[in-house]
Amino acid sequence: MILAAPLMLLGLLLLPLLWWLLRAIPPAPRAQPFPAIRLLAGLRAPRQEAMRAPPWLLLLRIAAVALLVLGLAQPVLVQGGAALRAAPRAGGLLIVLDDGWAAARDWPQRITALDTLLARAGRAGEPVRLLTTAPDDVGALTAIGAPRAAALVRADVDARRPNAWNTDRMAAARALDALVGSEAGGPIGRVVYVADGLATQGDAALRRALHRSLHQAGAAVSEWRASAADLRVMLPPVASTATLTARIGAIPEPVARPVTVSAQDADGGTLARVTGTIAAGAHDAAVPIRLPVEVRNRIARLVLAGTPGPAGLRLLDEGDRRRPVGLLSDGPFSTTPLVGPLFYLQRAMSPDTELRVGDAKTLLSRQLSVLIATDGTLQDAAVRARVARWVKAGGMLIRFAGPRMAAESGTAASGQDGALLPAPLLDGARTLGGAMSWSKPEHLAPFEADTPFAGLKEPPDVTVSRQVLAKPATDLAARSWARLADGTPLVTHAGLGAGQLVLFHVTSTPDWSSLPFSGLFVQMLHRLVERSVGLATRGGDTMLAPVSTLDGDGIAGQPPPSARGLPARDFGHVAASAAHPPGLYGPASDRRALNTGDALPPLAAAAPFGAASNLAGRIPDRPLGPWLLAAALLLLAFDLIATLWLRGLLRLATATLVLGLLALAPAAQAQAVPAAALQTRLGYIVTGDAQTDLVSREGLQGLSAYVNARTAAVLGPPDSVQPGKTDLAFYPLLYWPIIRGETEDAAAIAALNSYMDHGGILLIDTLGSDAGNNNGANGDDSFTGIGAGAQALRATTRGLDIPPLKPVDRSHVLSHTFYLLRSFPGRYVGAPVWVAANADAGRDNVSPVIIGANDWAASWAIDAAGDNPYAVIPGGEAQRTLAYRFGVNAVMYALTGNYKADQVHVPALLERLGE
């Protein structure tokens with residue numbers, strides 16, 4: 001223990017004087033009879049003598065003053081290990097600080113430990129130098145410079161934040177060698193290295209530099225580091241047809257570790273939250289995220305829970321999107337093996353592309369990136385008009401030639417809108433080779449660098465025996481993406497509105513060429529699909545400038561002045577740095593993402609540089625002054641109470657205390673009454689899943705606030721309930737999210753049946769589960785037509801008295817209890833809402849259950865910051881408003897029953913009364 005103000009201890013010399021002054025206390029008041037005035041003549045007043053204070057009271061006062069003096073001396077209890085207790089050396093202290101992306105996970109611990117170390121150095125008058133190992137925003141290490149006062153270095157450390165890129169320990173070693181070799185550098189007394197524990201290039205050089213600089217001084221390096229078990233980073237994801245697989249890199253450990261990944265949209269709304277496990281001894285983990293393609297394409301970033309900074313954030317760009325491809329069919333034989341026009345297309349694209357087969361109306365009713373039309377599928381004018389509108393809106397149409405196109409080329413409608421061709425065609429088809437031709441089948445010419453097929457190798461065995469020819473034009477060469485060896489176009493393209501038209505001048509089958517047999521066919525189609533999302537280039541030397549970059553805390557902002565553009569070909573192959581910080585690059589039409597986890601080797605723990613110790617064990621110095629002062633005040637309070645008691649004045653204080661306790665008794669008794677009995681509240685059934693229960697609570701909080709703001713109802717905060725344990729009689733509406741088939745609980749089912757029998761309403765939500773089963777539940781017809789996903793709903797509600805159900809239509813009271821509604825969306829839209837099919841007079845014709853699958857709580861949810869944390873798909877905020885309105889209608893339905901339906905009978909009742 002040390003003293004920050006040792007001169008204050010001189011106050012202890014006053015304790016003997018204080019003992020002498022405090023020996024006496026005023027006497028207690030004495031009752032004295034008051035005689036008549038005449039009897040007072042000649043009386044002599046008795047001599048007043050002070051009573052002596054008891055010894056225990058004197059000791060109490062002396063102890064209070066002693067604690068007061070000691071507290072003003074500001075004693076500090078030094079803790080935190082040998083590095084903090086080490087005696088100052090003549091050369092001063094050198095702090096080497098890792099401040100790369102791996103330091104963000106324990107940055108507060110680092111700052112706390114360094115503040116304690118620098119405070120100790122400041123009290124000892126020890127000079128301090130600081131060396132950081134990660135380049136700053138301008139790409140240079142912080143200069144070590146001359147020794148400074150510890151207070152100045154402490155202010156510098158407190159203002160620092162981790163960087164979003166890796167450390168450069170090689171540059172740190174050179175800076176340290178330069179310091180030691182310079183005359184102004186001087187000797188170094190001791191070194192404290194605050195490491196991130198991650199092995200990087202340059203570790204050996206830094207180790208040698210540290211030992212060289214300290215060898216002559218005889219000092220050792222003290223290394224502080226946190227445990228490497230929680231060091232994780234988001235790696236590039238893997239996209240497949242059905243899933244987007246997030247990958248998490250970690251340092252191998254002998255035990256398995258759970259991970260949670262959230263998929264978020266550009267506004268920060270959560271689209272999905274999935275969990276996985278890093279297996280024992282594994283360098284990484286794969287966590288699949290399964291979402292519909294329309295939802296999946298909205299993902300803007302993947303967030304790893306519990307990992308702060310840019311390491312726990314993965315920005316996605318257009319290269320990570322799913323591109324649905326539609327194959328336009330002209331009949332049931334389109335996919336016939338070996339001969340169908342769609343057979344080879346399906347085989348080429350099905351492994352990693354989401355394919356949809358159907359007519360134009362069906363395909364274009366959903367989100368689509370590419371539409372492929374084979375010969376004869378666009379003969380109808382209405383179909384061509386529909387497809388033309390879709391292309392103008394940004395789609396890509398890929399067409400294949402054939403006999404029908406060759407026959408109609410001369411009579412095709414003029415203009416791109418009518419013919420949907422990149423260029424006008426000559427009549428007929430050109431035949432290469434055959435018994436009646438002097439020519440031979442042509443090979444492919446090399447692909448040019450400015451085409452989507454740049455870099456692909458043309459196989460020598462691919463030949464073309466027949467093709468349709470484009471009419472010669474001045475811009476035909478610019479429109480040609482692929483040519484034959486004789487220069488005739490094989491693939492042409494043209495823009496149409498915001499979209500593109502692409503034509504293969506051969507068939508999609510081997511009838512006209514051997515291209516469908518080759519791997520080049522697969523590569524060409526995938527290049528076109530990648531281009532369909534608007535990427536002008538997928539490589540090359542095109543420079544993409546930074547648009548938004550991440551700082552060391554993982555927060556997006558304006559790029560620093562030192563940030564430079566990066567060639568498109570380098571994305572995914574270049575690690576983030578000060579010159580190229582992680583973030584988004586390029587214009588909106590060609591947006592690319594650079595992440596901290598790009599181009600990283602497998603994570604590994606670095607070998608200790610010296611006597612390593614755990615950073616988490618660094619306990620800061622504990623100042624004892626405030627505690628001593630508080631103890632002194634407490635003793636003085638005891639002295640006051642003792643003095644009042646000795647003078648006989650404590651009775652009044654005791655009576656006051658008793659009256660205060662009696663006044664608080666009614667309030668304490670009121671607390672025993674359930675809050676739901678004093679205020680109308682909504683309830684949600686606890687599922688046992690922490691995330692689901694959190695969404696339910698936040699959702700009902702948001703709905704209650706919406707109801708209070710827009711209706712005359714006044715709802716309190718929602719309550720969590722457990723049927724069978726909680727009294728449900730106080731809640732007009734219970735929200736019940738179904739997440740899995742739970743084991744039947746007889747007591748809970750009985751409580752819910754009693755709740756519904758006495759007028760309560762259950763709002764059952766299967767949270768987006770599929771609906772489409774026509775079988776009854778539990779052997780009856782309660783769920784006839786509902787199909788509410790499934791087994792989880794049936795297993796959970798087994799034994800519940802649910803009547804036969806029907807979908808809610810516009811005539812049902814629920815659709816107009818407060819707002820006039822035609823649909824009842826939540827976070828999702830499209831699933832029907834079900835209520836009791838038959839009226840029950842005993843319940844005033846009110847349905848005891850409302851069942852749906854739209855995940856209403858997530859759409860209503862409001863977090864602690866007042867924001868809506870979960871995205872609403874696909875309608876956005878307009879859909880969220882409708883979800884709130886459905887919630888208001890459900891609450892009003894629960895509070896007022898069937899009063900809206902009763903109004904229908906008012907004219908008949910008035911007419912009868914008039915009779």
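Me: Which residue stands opposite Pro258 in β12?
Reply: That's Thr277. Bear in mind that this is a predicted model, where local features need pLDDT of at least 70 and side-chain atom pairs count only at pLDDT 80 or more, while totals for chains, interfaces and linings use all residues. Residues are numbered from 1 along each chain as its sequence is written, and side-chain values use heavy atoms, leaving out hydrogens and water.

Me: How do β11 and β12 pair?
Reply: Antiparallel, over eight bridges; two strands pair if DSSP finds at least two bridges between them. Strands are DSSP runs (E, at least two residues) and helices are runs of H or I (at least four), numbered from the N terminus.

Me: And what's in the hairpin there?
Reply: Five residues sit between the strands, and Gly268 takes a positive phi near 90°.

Me: How many residues of β11 are buried?
Reply: Six of its eight. Buried means under 20% relative accessible area, exposed over 50%, partly exposed in between (1.4 Å probe, protein chains only).

Me: Switching topic: where is Thr377?
Reply: In the loop between β18 (370-373) and α11 (381-392). Thr377 is buried, at 10% relative accessible area.

Me: What does Thr377 touch?
Reply: Beyond neighbours within four places in sequence, Thr377 contacts Leu328, Ser329, Asp330 and Val383 (contact means heavy atoms within 4.5 Å).

Me: What stands opposite Leu328 in β17?
Reply: Gly358. The strands β16 (325-328) and β17 are parallel, with four bridges.
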